Amino acid sequence: MNATDATGTSARRDAEATKAAIILAARHLLARHAHADITLKAVAERAGVSAPLVLKYFGNKDALFARIMSFEADTEALLNAPLAVLGRHMVHHLLTSQAEHGADPILRIVFAPLHREQGDTLRANFRTQVVDRLRERLEGPDAGVRAELAVGTLLGLGVMYGIARGPHLRGAPVAEITERYAPTVQAFLTPP
């Protein structure tokens, strides 16, 4: 690899890190403020970048928040396991995303009521991109109900861990919480 290639690779990594910081900042703000009250300047400040850089990567506020309100990439990672061990994977993924990366794979749905008409978009995306995709993977009767119960159970854990910040839960190792909680989620995924 020559110096030009190394510089290009480094610049791409920097750009991806900047985009990730902007997305994380926008998610953080979306979880705490109504969509209409969030400015690109606030997102930029939270991300530690300039507002023009946010525009460079995302175009405008609507484009940025359309990406934030999508669960597509998060669902890929959340459901990326065989059905027999999917409950364990989902629990572990949720906890490690929050504990190690400060990320929220699906928890932002709980803030949908803050966002008026954008909340409707968030809810619709959540249903089609998370719950319906999980339902499509399930075998047996009542797949829709079981998918909603599994996701609801996972959201409860996410709220206690990530929003309420339960000190006992956050003080326990992720592996221990996963061992205790995964069977509950898996029970909804496995046909009766």
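The model is predicted: local features need pLDDT of at least 70, side-chain atom pairs count only at pLDDT 80 or more, and totals for chains, interfaces and linings use all residues. Residues are numbered from 1 along each chain as its sequence is written, and side-chain values use heavy atoms, leaving out hydrogens and water.

Aspartate 74 sits in helix H5, and arginine 108 in the loop between helix H6 (86-101) and H7 (helices are DSSP runs, H or I, of at least four residues, and strands, E, of at least two, numbered from the N terminus). Arginine 108 is buried, at 3% relative accessibility.

Next, select arginine 27. Its side chain meets that of aspartate 74 in a salt bridge (2.6 Å, N to O). Arginine 27 lies in helix H1, 47 residues from aspartate 74. Shared partners join Arg27, Asp74 and Arg108 into one network.

Stay in helix H1 (residues 3-30) and pick isoleucine 23. Isoleucine 23 is buried, at 14%. Setting aside residues up to four places away in sequence, it touches Phe58, Arg67 and Ile68 (contact means heavy atoms within 4.5 Å).

Last stop: arginine 133 and glutamate 72. Their side chains form a salt bridge (3.7 Å, N to O). Arginine 133 is in helix H7 (residues 116-137), glutamate 72 in helix H5.

Conventions: Buried < 20%, exposed > 50% of the residue type's maximum accessible area, 1.4 Å probe, protein only. Salt bridge = Lys/Arg side-chain N within 4 Å of Asp/Glu carboxyl O.
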